[in-house]
Amino acid sequence: MRTTAFHLVTRKETPQDAEIISHQLMIRAGLIRKLGAGLYTWTPLGLRVLQKVENIIREEMNVAGALEMLMPAVQPKELWQETGRIEDFGGQLLAIRDRAERDYFFGPTHEEVITDFVRHEVNSYKQLPINFYQIQTKFRDEIRPRFGVMRSREFIMKDAYSFHLSQESLETTYQAMKQTYTNIINRIGLEFRCVLADSGAIGGSGSQEFHVIADSGEDAIMYSDTGEYAANLEKCEAVSLLSERATPQQALEKVHTPEQKSIDAVSQFLQVEATQTIKTLLVEGIDEPVALVVRGDHSLNEVKANNLTSVASPLRMLNDDEIKQLTGCDAGSIGVKDLNCHIIVDRTVANMSDFICGANETNYHFTGVNWERDASYHIVEDIRDAQVGDPSPDGLGTLQVARGIEVGHIFQLGSKYSEAMNAVVLNEQGKSQAMEMGCYGMGVTRMVAAAIEQNHDDKGIIWPANIAPFSVAILPMNYQKSERVKRAADELYKALTAAGIEVILDDRKVRPGFMMSDFELLGIPHQVIIGDRALDENNVEYRSRVNMETTKVSRDIIEAHLKEKVQA
């Protein structure tokens, strides 16, 4: 491809609304252009990258035995009413009404559509297991679309859905999809981690996320420094930091703590560490208010709390009036002694002794509090955020943290959708049975942004070789003025093109400095600089975008040199 025959428009200025580096560089390099809030046009340059990601995904899914199909982006509202998921997605659903006043949604995901397809197409266990996938445009009406295509409203996703007669069969395909996702991200060339995850609005019994490691990642990933354990923060198991409860040493005492409303303030006032205190949070319960208790220096994990059977969903903290009515005090003085509600304590809290808590009287706290002697709880649960330095749940090493960008999520859905939509088959005994389902999503557009977040420098993008828009850039100095430079560039361009290498030749009438900075921004992996001085010695200059090292290479072997580099 010659630049004069291609649409290549770069920008020097960073857009004011671009908060993260991938958004900045995708705009500056001309990969995308904003149409509206969370809506982007992919340019010919950007589409080359996007299609390469799609092709890798498609090839690996096909190898895994999944069958590609294409479902409508617009879905009848009735399907969503069957599963009762409208409230789960809420405002993210883009509602559409046609001329006949029929209601539709622009699909944010396709569980209902694929289940409807399968319930009409599959009727016998002999047709199972089967795994369908598509690469399709989705729309989720984000309240605040941001970060470019990382959190846009319209995006491209690869979503797959498998159907099974048994849980064992589902588990087999689930593990196969886990390996397939690993293969995909490895081929793209990204560092990543597969982590335990919460299933969220999709539902199901178990799920794992695939995170590309990047400092700008929105998700905190906890992982063992010596073992294989990894989970996102909302799912990471937090073990007890105390192996057993120590024998009480202190007497219970009520102390005046005027205007000390936070853990830090109380700790400083009483001259103790926050680890000696507990924090009691009151939330709405199913039948009655629930107290969730964590150590003073720990944070409540709201996802874990939301999943508790006695806690109302979505999680809601009691307001000041409700707290006052239940305890008789303000929020800064809540404690567990004589607290009249269901009490759930974290694992570490259950093993604490001689601790400090609110006295359920404004401006007063208890010191020397001990379980059984002074207070009691109903149940012990894992309800806190794990922290760096905690023991790893698998018993191997301690937890560390990294930032990650979620690019894939796999779920074991079970029979949630098949039962709701009566997707059944006749089993081996001739009886009707709801199918077990798996769901496997991968963000195609997001993968491109994640690759840039992980691979860039202060000059621009550094594309992983397998998804670069072009493999080689030929950068001739004074192409329009020097006949021999033009001839050398054209000859190399023809030779590489004939060899099947994707090459772009910059034949624009631009200054050498502008050309070089443009291609530093574009991030083409292999660059050949052709100039009169080098040609005097029968050489050209080769430069790798990864390390920016420039070496002289003889014209006689440059073609072979590039083939070796591209195929490496």
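At what angle do helix H2 (residues 44-63) and helix H6 (residues 167-188) pack, and how far apart are their axes? In this predicted model, the two helices pack at an angle of about 145°, and their axes lie 9 Å apart.

**Helix H2 against helix H6**

- The crossing in which H2 passes H6 is right-handed.
- On the H2 side the contact is formed by Val 53, Ile 56, Ile 57, Glu 59, Glu 60 and Met 61, and these residues meet Met 177, Thr 180, Asn 183, Ile 184, Arg 187 and Ile 188 of H6.
- Sorted by class, the contact of H2 with H6 comprises 7 nonpolar, 2 polar and 3 charged residues, with Glu 59, Glu 60 and Arg 187 among the residues that take part.

**Helix H1 against helix H12**

- Helix H1 (residues 21-28) and helix H12 (residues 444-454) have axes that come within 8 Å and cross at roughly 105°, which makes H1 roughly perpendicular to H12, because angles of 65 to 115 degrees are placed in that category.
- From H1, the residues Ile 21, Ser 22, Leu 25 and Met 26 meet Val 448, Ala 449, Ile 452 and Glu 453 of H12.
- In terms of class, this contact of H1 with H12 has 6 nonpolar residues, together with 1 polar and 1 charged residue.

**Helix H13 against helix H16**

- The axes of helix H13 (residues 483-498) and helix H16 (residues 558-567) cross at roughly 40° and come within 10 Å, and H13 and H16 are therefore oblique to each other.
- H13 passes H16 in a right-handed crossing, and the contact is made by Leu 492, Ala 495 and Leu 496 from H13 together with Ile 558, Glu 559 and Leu 562 from H16.
- The contact of H13 with H16 divides by class into 5 nonpolar residues and 1 charged residue, with no polar residues.

**The cavity**

- The count comes to 1 cavity of 30 Å³ or more, and the volume of the largest cavity is about 80 Å³.
- Its lining brings together Ile 20, Phe 147, Met 150, Ser 216, Gly 217, Glu 218, Asp 219, Gly 404, Ile 405, Glu 406 and Arg 446.
- Strand S20 (residues 399-414) gives the most to the lining of the largest cavity, with 3 residues.
- By class, the lining residues of the largest cavity divide into 4 nonpolar, 3 polar and 4 charged, and Glu 218, Asp 219, Glu 406 and Arg 446 are among the residues that line this cavity.

Terms used. Residues are numbered from 1 along each chain as its sequence is written. This is a predicted model: local features need pLDDT of at least 70, side-chain atom pairs count only at pLDDT 80 or more; totals for chains, interfaces and linings use all residues. Side-chain values use heavy atoms; hydrogens and water are left out. Axes are lines fitted to C-alpha atoms, for helices over the stretch in contact, and angles run from 0 to 180 degrees between N-to-C directions. Helices (H or I, at least four residues) and strands (E, at least two) are DSSP runs, numbered from the N terminus. A crossing is left-handed if the near helix is turned anticlockwise from the far one by less than a right angle, and right-handed if clockwise. Contact means heavy atoms within 4.5 Å. Ala, Val, Leu, Ile, Met, Phe, Trp, Tyr, Cys and Pro count as nonpolar, Asp, Glu, Lys and Arg as charged, and the others, Gly among them, as polar. Angles under 35 degrees count as roughly parallel, over 145 as roughly antiparallel, 65 to 115 as roughly perpendicular and the rest as oblique. On a 1 Å grid over the protein atoms alone, a cavity is a set of points where a 1.4 Å probe fits but cannot get out, and a pocket is an open set with protein on both sides within 12 Å along at least five of seven lines; lining residues have an atom within 4 Å of a point. Grid points are joined across faces, edges and corners, and a volume is the space filled by probe spheres set on the points.
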